[in-house]
Amino acid sequence: MDARGFKIIYILVQNMITITVKAYGQLIMEIGVEEFEIKVSSKLVMAIETLKQQLINKYNVVSAYTILLNGKNTSLLIKNSQPEDLKEMDEFSIVPVVIGG
Amino acid sequence: MHWIVSVVRERAKALRTICTRKVNYRRVNMLTGYNGKILRINLTESKIDVEQPNEVFYRRYFGGRCLMLYYLYKELSPETNPLSESNKVIFAASVITGTPYPGLSRSSIGAKSPLTGLFGESEAGGYFGPELKFSGYDAIIVEGKAEKPVYIWIKDGEVSIKDATEMWGKDTGTTADMIMEETGEKKARMQVIGQAGENQVLYAGVASDLNHYHGRCGMGAVMGSKNLKAVAVRGTKKLPLADKAKVIELSKWFAENYKSVVDSNTQSRYGTNQYYFNANVAGSLPTKNFNKGVFDEIDYTVDDMHEELKIGSEGCFACPVRCKQVFESEKPYKIDPRYGAPEYETLGGFGSVCMISDFHVISKAHELCNRYGLDTISTAVTIAFAMECYENGILTKEQMDGIDLKFGNGEAALEMIRKIAFREGFGDFLAQGTKICAEKLGKDAGKYAMQVKGQEHPIAEPRAKYGIALAYAVSPTGSDHLQHEHDGAFDPNLTGYSHDADETSVFVKACNPMGILEPVESLSLSPKKVKLFTYLQHWFSCFNSLEVCIFTMEPVRTGKVSHLPELIKFSTGWDASLWEVLKLGERGTTMARAFNYKHGATKEDDTIPDRHFEELEGGPLQGSKIDREEFEKALELYYQMMGWDENGQPTEGKLYELDLGWMHEDLK
C-alpha cells in the first residue's frame with residue numbers, strides 16, 4: 001500500500017473532523033489571519049499535535065502559546081485526565097503565553 | 001542686572017550646600033569596566049568617605065544584590081528598625097553597568113525593608129546606573145539621618161549634601177525639576193521620592209527619572225526616614241573597557257537581531273501591555289484580588305488603548321528595544337506623559353485585581369503612584385484587599401472615610417491612592433500594607449491579604465503556572481515575579497518551537513548551556529520543575545547582581561546566555577564563565593537567605609496564601625489549584641538543591657563553597 005492508502009486508512013480510523021482555530025495577540029500577526037479551519041482527529045492529544053505541526057510548518061509560528069478547547073485549558077484537561085472527544089464546530093483558541101517576567 | 005541675579009543665585013546655592021567633598025577623580029589604576037570606588041555618606045555627621053575594595057571583592061560580589069547584601073549583612077543588626085537611623089540604604093550598579101550593550105542600564109536600591117523586616121531590594125532601568133558609574137562610583141552607601149531634608153548631588157566625582165527643605169512635600173516631578181534648576185544640569189539623572197516616601201508609607205518607592213521605578217520593598221520609605229529626598233548624579237567620563245571593539249560587536253549583533261525575536265519585537269511595540277490581554281484570554285489573569293483568572297469586563301484591545309493614549313516610547317541606556325510606553329491625556333483625566341505609562345503589573349493591579357475596567361482610570365492611578373512615589377503593585381493589591389474586606393463585612397464604609405471602596409469603583413481607588421500617599425484618614429491604615437492591616441483587622445481578613453513575608457503579590461497567578469508558587473514562597477523579598485522565568489516558556493504542551501518541528505523548544509534550547517535540556521509542564525511541581533526553577537532562579541538572581549534587564553536576555557529575549565560571561569570579560573578583562581555567573585546568582589540568593597535568617601525569618605515564612613491551595617474560579621483554568629502536599633515536597637527538594645538544611649538555613653558547606661564562610665561564622 002502506498003502513502004496515500006495509509007493516509008486514507010488513517011483518516012477513516014481516526015474519524016477526522018473540522019474545527020475552528022482562533023488566534024490571539026501577536027499570533028494573529030504571525031499567522032496572518034484571526035481564524036482558520038483545520039482537519040484533526042477527534043482525540044484531543046492527537047488534535048493538538050496536528051495543530052502544532054500546522055502552526056510550525058504552514059505558519060512558521062515561533063511564539064509560545066496556550067491552547068484552549070472551547071475555552072478550557074487543554075493542559076489542565078489532560079492533567080486532570082478529562083480530555084473530551086472533539087466534535088465538529090468545536091473551537092481551539094491559541095493564546096500567547098505570558099513569559100519573560 | 002542679570003549679573004546681580006546670577007550672583008544672588010550662586011550665593012543661595014552655596015548656602016544650601018551642607019557639605020562637599022572633592023574626591024580624586026582618577027580611577028583606580030588599570031581597572032576597566034568599573035571604578036573600584038564606593039561612596040559612604042553619613043547623613044547624621046554630614047560625612048563623605050570613599051572606600052576602595054580590592055579586585056577579589058568585586059569579582060566575588062560583582063555589584064547590585066551581592067554587593068548590597070555584603071554591607072547590609074555586616075552592618076545591620078537583627079534589632080535594626082528599618083525606618084530608624086541605624087538602617088542603611090545602598091544605591092548600587094555593577095561591574096558591567098554602563099557597558100554599551102542593551103540591558104546593562106539597571107541599578108538597585110537595597111536596605112532592610114520596612115514592609116517585610118527582611119532584605120529589601122528594588123531594581124530599575126533607565127540611566128541612573130550608567131551615570132553613577134560615569135561619575136566615578138560603583139555604589140553609594142547612605143547611613144544615619146539628616147537633621148533636615150537633604151539631597152545628594154554628585155558631579156564627576158565631587159559629592160555634596162544639599163538642603164532639600166524647599167523640595168520636601170513636593171511630588172517626584174516637581175522635585176526633579178527643582179534639582180535640575182538648582183544644579184543647572186538638565187542631564188542629571190536622579191532617584192527621587194515623593195510624598196509617600198516622606199510619609200513613610202511602607203511600600204513607598206523611588207522614581208528614577210520619573211519613568212523608571214524602584215517600586216518594591218519600600219525603599220522610598222527608608223529614604224524618607226533619613227530625610228533623604230533624592231540622589232542626583234551627573235557623570236561625563238565613560239569607563240574604559242577591556243575590549244571595547246568586542247562589546248560594540250555584540251551590541252551590533254543585538255541591534256540587528258532583536259526584531260526577529262518575537263517577544264523583543266512585540267515588546268518594542270507594546271511594552272508589556274499586551275500580556276494583560278493575552279493573560280485574560282488564557283485565564284491566568286489575577287482578577288478580583290486573585291479569586292478568578294478572567295476579567296470579563298475588558299472589552300477593548302491593547303491597540304484600542306494605545307490608539308487613545310499612547311504618544312510614544314522611551315528606552316534605557318544603549319538599548320534599541322525602547323519598551324517604555326508613554327501615555328498622555330487631557331480627558332477624562334489629565335495624564336502627564338513625564339510619568340510614562342502603566343505596564344502589565346499596573347494594568348493588572350488596578351485593572352483586573354481591583355476590577356476597574358476603564359483604562360483611563362488605570363492610567364491615572366499609575367500616574368498618581370509615580371507622582372506620589374508609591375509602588376503600583378503593593379498599592380493596588382492593598383486597595384483590592386480593602387475592597388474584599390469591605391465586600392465581606394470586615395470593613396465598613398464609615399471606617400473607610402465614607403468612601404464606597406467596592407470592587408470596580410475607580411474613583412474611590414484614585415481617592416484612596418491620594419489618602420495612602422498622604423497617610424490621611426483610612427489611607428494611613430492602608431499605608432501599612434496588607435499583612436499588618438490584616439493582623440490589625442483580625443476576623444478572616446488574613447484570607448484576603450495576598451502577600452508573602454509582608455510584600456504584596458505581583459500580578460501572576462500561581463495556579464496558572466505552578467513555579468510561581470515556589471517563586472513567591474522562597475523569594476527573599478516576599479512575593480516577587482522576577483525570581484525565575486515563568487513556567488510557560490518551558491512547557492511541552494504550550495511552548496513555541498523553532499521552525500524545525502523536530503527541534504526542542506527555542507527557550508529550552510537557549511538554556512541548554514545551563515544544563516536545562518528538557519521541557520517541564522507548567523501545571524506541575526515535580527522534581528524536574530524544582531530543578532528548572534532552581535537553575536532559573538540562579539540566572540535571574542545573577543541579573544540582580546550584574547544589573548541586567550530580563551527584557552534583553554535569553555531564555556525569552558534576544559541576548560544570548562553566552563553573552564553575559566563575554567560581556568564581563570570584555571568589560572573587566574576577567575576570564576569569566578557561565579559557571580561563575582550562575583554561582584554568582586546562587587550566591588546572591590544564599591546571601592539574602594542568610595540575611596533573612598539572621599533577621600528572624602523562618603521556614604514558616606516560605607509559604608503562599610491559602611487561596612492558592614483552593615480551586616481557581618472560572619475561565620480556562622477553572623479548578624486548577626496548588627496541591628499542598630506537592631508544594632511542601634517541592635519546598636523540601638528546593639532546600640536540598642540549594643544546599644540548605646531542613647529548616648531552610650544555608651549549610652556550612654554551602655556557605656564555604658560560595659566563599660561566604662564569614663556568614664557561617666556569624667550565624668553559628
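Good morning. I begin with one pair of residues: Leu69 of chain A stands opposite Phe92(A) in strand β5(A). Strands here are DSSP runs of E of at least two residues, and helices are runs of H or I of at least four, numbered from the N terminus.

A word on the source. This is a predicted model, in which local features need pLDDT of at least 70 and side-chain atom pairs count only at pLDDT 80 or more, while totals for chains, interfaces and linings use all residues. Residues are numbered from 1 along each chain as its sequence is written, with chains lettered from A and ligands numbered from 1 in the order in which they are written.

Let us turn to the sheet. In chain A, 5 strands form an open sheet with mixed pairing, in the order β2-β1-β5-β3-β4; two strands pair if DSSP finds at least two bridges between them. Its edge strands are β2 (35–40) and β4 (72–73), each pairing on one side only. Strand β3 (residues 65–69) runs antiparallel to β5(A), joined by 5 bridges, and 2 bridges link β3(A) to β4(A), also in the antiparallel sense. Leu69(A) also stands opposite Lys72(A) in β4(A).

Strand β5 (residues 91–96) is mostly covered, with 5 of its 6 residues buried, that is, having 20 or more other C-beta atoms, placed from the backbone, within 10 Å of their own.

What packs on this sheet from chain B? Helix α10(B) does, touching β3 and β5 of chain A, where contact requires C-beta atoms, placed from the backbone, within 7 Å. Its direction makes about 150° with that of β5(A). Just after the helix, Gly283(B) takes a positive phi of about 80°.

Finally, helix α10 (residues 273–282) packs against helix α12 (residues 344–353) of chain B at about 50°, with axes 7 Å apart. Axes are lines fitted to C-alpha atoms, for helices over the stretch in contact, and angles run from 0 to 180 degrees between N-to-C directions. The two helices are therefore oblique to each other: angles under 35 degrees count as roughly parallel, over 145 as roughly antiparallel, 65 to 115 as roughly perpendicular and the rest as oblique. Among the contact residues are Tyr276(B) of α10(B) and Leu347(B) of α12(B). Thank you.

Terms used:
Contact = placed C-beta atoms within 7 Å. Buried ≥ 20, exposed ≤ 12 C-beta atoms within 10 Å, placed from the backbone.
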